[in-house]
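Here are a few notes from going through the model. Have a look at it first, then read on.

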Amino acid sequence: MRLAGKVAIVTGSGSGMGRAIAIEFAKNGAAILVADLNLDAAHETVQQIEAKSGRAIALGMDVTSRADTIKMCDKAVRQFGRIDILVNNAGSRCVKHFLDHTEADWHRMIDINLTGHFLCAQAAVPHFLKFGKGKIINLASIAAHTGRPDRVAYCAAKAGVIGLTKALAMDLRGRNICVTAISPGSIATPMNAAAATSSDVNWGGETVVGRWGQPEDVAYAAVFLASDESDYITGSEILVEGGWLYGRARDGEI
Ligand SMILES: NC(=O)c1ccc[n+]([C@@H]2O[C@H](COP(=O)([O-])OP(=O)(O)OC[C@H]3O[C@@H](n4cnc5c(N)ncnc54)[C@H](O)[C@@H]3O)[C@@H](O)[C@H]2O)c1
């Protein structure tokens, strides 16, 4: 029980990695506020947690709304008495060529993937300061580090998440608040459903480990970053990408 007695908010936890993180946190003893734009999906995550005797409540909210992020933190405190952990996981991806990106596409990607992390952190940090400790875990991506085709706004937002993580860690120095990022690679979630099931796509085979990542691979890293075991880690990032980013074997390598 590495998170016994702790209270966590996980945004976007009605699906994919957010759901896996919420479930894994609950297994480790934390009470969870499951926040998602899709309230039905959030309820489904709560049911899965409660089925294993965990504690969780659902909230329908939009991370791009400051009012919603404040309500989210107030609800967690009202229900569970405190907040110890914020996981900024909610995200969305727009896949089209640069020339086809509209200005609205650009703003939507920045709003959901970057501004949402900023707003949730700004709503949670006053509570962390009151309770004397806090952990913020930002979901970034390998797309923060590599130029990937047909994702200009998404890549820019995710690179921004890495910058936000480092700068926020500095602004919160000396306050017992750690800010870290997780950059997943190819994880088999609904966001990647088409690629994960297509016989033409071999993203798993491109990794050093040789398989697609599962949402639980990310959740295990999140448990560590949320726990007291990582109190000396801030401003930095864990890659959960099966070695894809730095490990490249060329054909005929000797
Ligand atoms: N799947 C991957 O391979 C991969 C790789 C790198 C990074 N990521 C990042 O990891 C995070 C989780 O991805 P996933 O694959 O689990 O996605 P997913 O599509 O399965 O789930 C995303 C969840 O976020 C919610 N959401 C979307 N917009 C929201 C908003 N404005 N307010 C509140 N909730 C909102 C959705 O309703 C959904 O439940 C995202 O930040 C994503 O960019 C994913």
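1. Let's start with glutamate 24, which is found in helix 1 (residues 16-27); helices are DSSP runs of H or I, at least four residues, numbered from the N terminus. Keep in mind that this is a predicted model, where local features need pLDDT of at least 70, side-chain atom pairs count only at pLDDT 80 or more, and totals for chains, interfaces and linings use all residues. Residues are numbered from 1 along each chain as its sequence is written, and side-chain values use heavy atoms, with hydrogens and water left out.

2. Glutamate 24 counts as buried because its relative accessibility is 11% (buried is under 20% relative accessible area, exposed over 50%, partly exposed in between; 1.4 Å probe, protein chains only). Its side chain makes a polar contact with the side chain of lysine 27, at 3.3 Å (a pair of N or O atoms within 3.5 Å; within protein, one must be able to donate a hydrogen and the other to accept it, and residues adjacent in sequence count only if both atoms are side-chain atoms). Leaving out residues up to four places away in sequence, glutamate 24 touches Ala219, Tyr220 and Val223 (heavy atoms within 4.5 Å).

3. On to the ligand. A polar side-chain atom of aspartate 36 lies 2.6 Å from one of the ligand's oxygen atoms. For methionine 17, a polar backbone atom is 2.8 Å from a ligand oxygen, while a polar backbone atom of leucine 37 is 3.2 Å from a ligand nitrogen.

4. Last, valine 152 sits in helix 5 (residues 152-171). With a relative accessible area of 36%, valine 152 is partly exposed.

Note on methods
Helices (H or I, at least four residues) and strands (E, at least two) are DSSP runs, numbered from the N terminus.
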